[in-house]
Amino acid sequence: MRALIGLLCMIIAIVGGTYIALYWGIIQPIITIAAAIDTNTATAGLIGTEVIKFFIKEFVALAWVYFFIFIALFFKKTK
């Protein structure tokens, strides 16, 4: 049972981290900047804000993965 919980936590870490990193971190800022360029409202502030949000979201994705892998290893090692 503990091994199953550990495996489930690893799967959650991989799926959640990939979603956060790819969609929130890369695809969503590109869509936002493209929409701003289409409406001629793109500014350096908007692009700078999106770059800062990109780094924050990538950090959150990495923290998410480490958190769930830590939980998974805890459940696999303890008996």
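In which helix is Leu-22 found? I looked this up to begin with, and Leu-22 is found in helix α1, which covers residues 2-38.

**Ground rules**

I note that this is a predicted model, in which local features need pLDDT of at least 70 and side-chain atom pairs count only at pLDDT 80 or more, while totals for chains, interfaces and linings use all residues. Residues are numbered from 1 along each chain as its sequence is written, and side-chain values use heavy atoms, with hydrogens and water left out.

**Overall form**

I counted two helices and zero strands in the protein, taking helices (H or I, at least four residues) and strands (E, at least two) as DSSP runs numbered from the N terminus. I then looked up the radius of gyration, which is 17 Å, against the value near 12 Å that a compact globule of 79 residues would have; the radius is taken over C-alpha atoms, and the globule rule is 2.2 Å times the number of residues to the power 0.38. The C-alpha trace spans about 60 × 15 × 10 Å along its principal axes.

For contacts (heavy atoms within 4.5 Å), I found that residues 24 or more positions apart account for 83% of those with a separation of 6 or more.

**Surface**

I find that 19% of the 79 residues count as buried, where buried means under 20% relative accessible area, exposed over 50%, and partly exposed in between (1.4 Å probe, protein chains only). The protein exposes about 5,700 Å², with carbon and sulfur atoms supplying 80% of it; these areas come from the Shrake-Rupley method with a 1.4 Å probe, and for residues only the protein chains shown count as cover. Phe-59, which lies in helix α2 (residues 44-77), is exposed, with a relative accessible area of 60%.

I also looked up a nonpolar surface patch formed by Tyr-19, Leu-22, Tyr-23, Trp-24, Ile-26, Ile-27, Ile-30 and Ile-31, which together have about 760 Å² of accessible area. Patches are made of residues with over 30% relative accessible area and no salt bridge, like charges being joined within 9 Å and nonpolar side chains (Val, Leu, Ile, Met, Phe, Trp, Tyr) within 5 Å. Leu-22 itself is partly exposed, at a relative accessible area of 46%.

**Aromatic rings**

A search of the whole structure gave me five aromatic pairs, where rings of Phe, Tyr and Trp (its six-membered ring) pair if their centres lie within 6.5 Å, and planes under 30 degrees apart count as stacked, over 60 as edge-to-face and the rest as tilted. One of them, Tyr-19 with Trp-24, is tilted, at 6.1 Å centre to centre and 55° between the planes. Tyr-19 is partly exposed at 44% relative accessibility, and Trp-24 is partly exposed at 37%. Another pair, Phe-67 with Phe-68, is edge-to-face, at 5.3 Å centre to centre and 80° between the planes; here Phe-67 is partly exposed at 48%, whereas Phe-68 is buried at 15%. I note finally that ring pairs link Tyr-19, Tyr-23 and Trp-24 into a cluster.

**Charged side chains**

How many salt bridges does the count come to? I find one salt bridge, by the rule that a side-chain nitrogen of Lys or Arg lies within 4 Å of a carboxyl oxygen of Asp or Glu. The side chains of Lys-53 and Glu-50 meet in it, at 3.2 Å from N to O. Lys-53 and Glu-50 are three residues apart in helix α2, so they are separated by about one helical turn. Lys-53 is partly exposed at 34%, whereas Glu-50 is buried at 6%.
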